[in-house]
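Thank you all for coming; I would like to take you through one structure this morning. Please have the sequence and the model open as I go.

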Amino acid sequence: ATYIEYLGADEVEPDMNLKERVVNIDMQDVFYIDALPTSHPISVNIENPVYQENFDRISYGKGCVLIRMMANFLTHDTFHKGLANYFKIHAYSNAEQDDLWAAMGDQAVADGTLPADLTAKQIMDTWTLQKGYPVLNVVHNKASGQFEVSQEKFNLEAGYKEKEEFLWWIPVTYASTSGDMTDTLVKHWLGGASETIPAPENDENSVFIFNTGAEGYYRVNYDEASWLQISQAFSTLPHLSRSALIDDAMNLARAGKLNYDIALDLTKSLAGENDVIVIKAFQKAIEFLENMVSEDERYDSFKTYVREGLQDLYEQVISSDSTDFMPVLLKTVVLPGACSYGNQDCIDRAKAMFSEWLTAKDYESAVDPNLKPWAYCYGIKYGTPENWQLAWDRLQQTSQLLERDSLISALGCTEDADLLNKYLELSVDPTSTIRTQNKRYLYLAIGGSRQGSKLMLDWLEANWETIKEIYADTFVYNVKNIV
């Protein structure tokens, strides 16, 4: 259902580019969760149908990107015909996942889009009945003209060892930087731990990029020589490949599978980057490093590096008056990032916009709707306790959804410890107008800083029984958001 949402939305509003943005919204988000020891398979026995953990990001987000991967390896034509057959066969009746695999497999046989000895069920069971996902290791042996490929489960925690063996049927796609980089046709199926496959002839100065179009739900790690070539060609690659490579490299380095020098080398091209899908991948991947050095003498140098890398893009978006969706989206991503890394012009602009909001009679329309989260957050962060209180009061009064959502998150941006503690107390105040389903954004905002996350954990520990009583059946869900 989630994948079909993307297709439907893309049909109605193609300018939103949702069929590609799924890489940021779902794939790279779920990649993190699914690489932790606490992950679980998509297909599990439901013992308590009310329990919210049955229907989490793994169920919906991972399910979405796996269906996207299947649509690619079956071909979209076969996928659509198979899905139509599935609906016809099971109309007005119940079905389970094996019924979907059967419909897809039958259509694949009819269209000849899968190898004769491989079924859709064989493939998809390896992705839905076990947790996690693989990293495809690729060594290009140019002397023998072969790719040496192997797979292993990707674990984000460096040194973590699994107690069991995991293997997937991986649809291997690749293309040369001197060829058609949009080619997502499956060239090989890897079902075992390792294999050697013939490598096409290639120009010495070109390199093969695997998992083209970021269609597959797996990461790719290359030999060092290939990584260096990729770094040199990085700015010329298609944007989905750039996004996947940044995300793969930074997370492989975090997991101890790749030298950070190689991973960070890719980020040098940030100065010339203007694609929002790549920028969002970079921002998400760099969060871990920022957290690691935030109380270190290297933090100022780290912030300077990122700030200078974003400077050209910041100047581009701040001078743009385009109302088209993707340029506006880019602006909403770049401005908070520039401010967070100390761009003073960015901070001053947000403060000025917030000041206008403070004195406006018609405050709900005083700020560009797309810029509300940015202006409110940094206005409150550098504002006074009186500014914070006014924002809280207006949150209680407004019924405008965007205004409410922007204020709920922005109030957590303050660096005043007393105000943060006050906000936490207000989150469980029965007279508050913040709905239970929106409190996760409150907790995410407070937890966005090291100071806020520590305060929140201390508050949770001190008020455990009270919070448990207030949230009752949703206690686990809300505590998960806090932690």
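Predicted model: local features only at pLDDT ≥ 70, side-chain atom pairs only at ≥ 80, totals over all residues.

By buried I mean under 20% relative accessible area, with exposed being over 50% and partly exposed in between (1.4 Å probe, protein chains only). Strands here are DSSP runs of E with at least two residues, and helices are runs of H or I with at least four, numbered from the N terminus.

Residues are numbered from 1 along each chain as its sequence is written, and side-chain values use heavy atoms, with hydrogens and water left out.

Which strands does strand 2 pair with? Strand 1, residues 134-141, runs antiparallel to strand 2 and is joined to it by eight bridges, pairing being called when DSSP finds at least two bridges between two strands. N141 has Q146 as its bridge partner, and the hairpin leaves four residues between the two strands, with G145 in the turn at a positive phi of about 70 degrees. Strand 6, residues 194-198, also pairs with strand 2 in the antiparallel sense, over five bridges, and there F147 is partnered by I197.

Finally, T177 lies in the loop between strand 4 (174-176) and strand 5 (188-190), and T177 counts as partly exposed because its relative accessibility is 25%.
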